[in-house]
Amino acid sequence: MKYSLISLLLAQSTAAHYVFSHLLVNGTETKEWEYTREIGYGWEGKPYRDSPAFSVDTQDIICGYTAWNTDNSLSGIKPNTADVVAGSEIGFRISKTYGILLPPTNETFLYHEGPAQAYLSRSDNLQAYRGDGDWFKIAALLAKDDTTWQVGGLTVKDANFTIPRATPPGTYLLRFEQFRPGYDVNQTQWFVACAHINVIGSGSSTAPTHFAKFPGTYKPEDEGITISPDFYPQGKKSLLQYKPPGPPVFGA
Ligand SMILES: *[C@@H]1O[C@H](CO)[C@@H](O)[C@H](O)[C@H]1NC(C)=O
Ligand SMILES: *[C@@H]1O[C@H](CO)[C@@H](O)[C@H](O)[C@H]1NC(C)=O
Ligand SMILES: *[C@@H]1O[C@H](CO)[C@@H](O)[C@H](O)[C@H]1NC(C)=O
Ligand SMILES: *[C@@H]1O[C@H](CO)[C@@H](O)[C@H](O)[C@H]1NC(C)=O
């Protein structure tokens with residue numbers, strides 16, 4: 001059993017992984033692509049839509065592999081905008097359909113443990129917004145302890161975080177990234193998804209001051225992207241020292 005599971009994972013691991021297609025709001029799983037931007041099929045022409053992006057320098061780093069907003073090739077589903085109360089918990093859950101199936105139940109799972117972060121970018125016209133503006137970071141889900149990441153593993157299907165209470169009200173593109181760091185440049189695997197949200201709340205007088213651009217801010221050689229083997233996956237002995245890419249978390 002153990003042997004066949006490992007062979008299955010090895011056989012499939014080069015082909016397909018997982019895709020964050022459900023937004024979790026108000027403690028509820030919303031429908032696939034209801035509030036999230038649909039991720040495309042692709043990767044060398046293969047019929048998978050759960051492929052990672054490999055380079056921080058491509059448009060796929062904005063909202064995921066061949067997402068409709070970046071190459072305009074997907075005319076299909078345009079997401080609705082979810083009303084979210086500032087200060088409340090939100091999350092992304094992986095698709096039950098697209099991804100590696102884990103026997104014996106054949107459920108998808110979050111195959112790669114690793115860092116996860118979330119960003120917001122303001123736009124009054126989300127349906128046409130590519131995500132090429134300014135992004136501020138609202139969450140970083142890193143290590144639980146020196147040997148365990150918060151996100152990933154055989155039984156994990158989602159990543160939850162809080163929309164900061166101080167977030168100025170308005171409509172935002174919400175970008176979520178979870179990634180498997182690599183030891184070599186362009187070997188990092190990025191599982192990125194975006195959702196359309198409308199933040200409700202009183203906000204704060206302190207507007208975000210630190211921003212990122214995608215692509216742009218992340219460099220392939222950043223210490224949090226192409227990393228020391230101490231962090232992933234063999235080492236996993238000093239995860240609490242891991243420094244993620246990008247600006248500090250707003251409202252933290
Ligand atoms: C994330 O939140 C959802 C409800 O929105 C909950 O069902 C799930 O257990 C939470 N996941 C984790 C890993 O805490
Ligand atoms: C979440 O709850 C808030 C407050 O009750 C509500 O205004 C909002 O519409 C809900 N969002 C979704 C997507 O159901
Ligand atoms: C899982 O998939 C395998 C191979 O397709 C199949 O033999 C098995 O019955 C499936 N198990 C469940 C619980 O659906
Ligand atoms: C990484 O990927 C980008 C985009 O495909 C490419 O421009 C760059 O040359 C690659 N860098 C290396 C070191 O392979």
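The model is predicted, so local features need pLDDT of at least 70 and side-chain atom pairs count only at pLDDT 80 or more, while totals for chains, interfaces and linings use all residues. Residues are numbered from 1 along each chain as its sequence is written, and side-chain values use heavy atoms, with hydrogens and water left out.

**Salt bridges**

A search of the whole structure turns up eight salt bridges (a side-chain nitrogen of Lys or Arg within 4 Å of a carboxyl oxygen of Asp or Glu). Here are some of them:

| Pair | N to O distance |
|---|---|
| E107 and K157 | 3.2 Å |
| D134 and K213 | 3.2 Å |
| E177 and R175 | 2.8 Å |

E107 and K157 link distant parts of the chain, 50 residues apart. E107 is partly exposed at 41% relative accessibility, and K157 is partly exposed at 25% (partly exposed lies between buried, under 20% relative accessible area, and exposed, over 50%, with a 1.4 Å probe and protein chains only). D134 and K213 are 79 residues apart; D134 is partly exposed at 39%, as is K213 at 38%. By contrast, E177 is buried at 0%, and R175 is buried at 0% too. Salt bridges with shared partners also join E29, R93, K96 and D158 into one network.

**Ligand 4**

Around ligand 4 sit S55, D57, V185 and N186, each with a heavy atom within 4 Å of the ligand. A polar side-chain atom of N186 lies 2.3 Å from an oxygen atom of ligand 4. The protein covers 36% of the 360 Å² of accessible area that ligand 4 has on its own (Shrake-Rupley method, 1.4 Å probe).

How values were computed: Chains lettered and ligands numbered in written order. Polar contact = N/O pair within 3.5 Å; in protein donor to acceptor, adjacent residues only side chain to side chain. Helix = DSSP H or I, 4+ residues; strand = E, 2+ residues; numbered from the N terminus.
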